[in-house]
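Here is a short tour for anyone who likes to look at helix packing before turning to pockets. Have the structure open as you read.

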Amino acid sequence: MIAAERAHLAAADTPTETASLAAPTTQEPSATKVTMGTSRAVAVQTTDIPHDEGPSKMRVEGLNLFYGEFQALKDVTLSFPANEITALIGPSGCGKSTLLKTLNRMNDLVEGCRVEGRITLDESDAYRDVQVNDLRRRVGMVFQQPNPFPMSIYDNIAFGPKTHGVKARSELDDIVEQSLRDAAIWDEVKDRLKASALGLSGGQQQRLCIARALAIRPEVLLLDESTSALDPLSTAKIEELVCELAAKYTVVMVTHNMLQAIRISTKTAFFLLGEMVEAGNTDDVFTRPKDSRTADYVSGRFG
């Protein structure tokens, strides 16, 4: 039944969504007050967390996030299974992108941000036991708009490895080629690696940004609406690429396109007003939701 429903939905709508990548950070900011991993008791929300999924690569427990007095995330507990694609869905302003940025401490850059609870990467506390630059190397991020650096295609990919100490030209050559191959763009750019990355099309720039993220050998890949501004053909290429990458990486994606979540994710979490309302197998969330709010959202009654 779900296969037929997927086919029907895919025929009814064509996705349009965009991505990019943040440059490596070499200095840990001090604007954010971080209280992760404190010894106080943390209320752990377990409702609707499936217990038959694979081992978690990352997990958040009792996560609360504040911007000043405003609470953007409320007691969120969610696991991200290794080598699977987890989709975060919900209306604008519900907290899904905030959660994504919390996973690799991008919210450290926001003045007045306060984080409470616990985030783990391979069972290690990501805020207390993992150095921030190492965390951002292991948890790469691609943002909504393609943001290639104003330099050559080659130098865009080599930028991250150079920042992390790779100097040998032969090693950089190998990393650049493999990253572009992994991002399914090597054949399109192999003869113009010295050309400016700004001359690429929007879809190519997006795949270049994904290649740039892969160049530093991350273990988790965060995608924040990575196809939202692309044409349907480019979107299809990115979706196919993400499915292939899940064999090597744990993928967490934010999307407003529910059909996209149905097509490529194995797990979906629905957020509303800073709360995680429901999480589980994607087919179950879309066809057998446990919460009426989830049912209303996935059926298009609001959002």
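In helix H8, the buried residues are Ser234, Thr235, Ile238, Glu239, Leu241, Val242 and Leu245. Because these residues cover an arc of only 165° around the axis, they sit on the same side of H8. Leu233 and Glu240, on the other side of H8, are exposed. Keep in mind that this is a predicted model.

H8 runs over residues 232-245, and its 14 residues reach 20 Å from the first C-alpha to the last, close to the 20 Å expected at 1.5 Å a residue. What do its buried residues pack against? Their partners are strands E5 (85-89), E9 (220-224) and E10 (250-254), along with helices H5 (169-182), H7 (202-214) and H9 (258-264).

| Helix | Residues | Buried residues |
|---|---|---|
| H8 | 232-245 | Ser234, Thr235, Ile238, Glu239, Leu241, Val242, Leu245 |
| H4 | 153-163 | Ile153, Tyr154, Asn156, Ile157, Ala158, Gly160, Pro161 |

The buried residues of H4 pack against H5, helix H6 (186-189) and H7. After H4 comes Gly165, with a positive phi near 105°.

By type, the lining of the second largest pocket holds five nonpolar, nine polar and four charged residues.

How values were computed. Residues numbered from 1 in each chain as written. Predicted model: local features only at pLDDT ≥ 70, side-chain atom pairs only at ≥ 80, totals over all residues. Heavy atoms only, no water. Nonpolar A, V, L, I, M, F, W, Y, C, P; charged D, E, K, R; others polar. Helix = DSSP H or I, 4+ residues; strand = E, 2+ residues; numbered from the N terminus. Expected span 1.5 Å × (residues − 1). Buried < 20%, exposed > 50% of the residue type's maximum accessible area, 1.4 Å probe, protein only. Arc of directions from axis to C-beta. Contact = heavy atoms within 4.5 Å.
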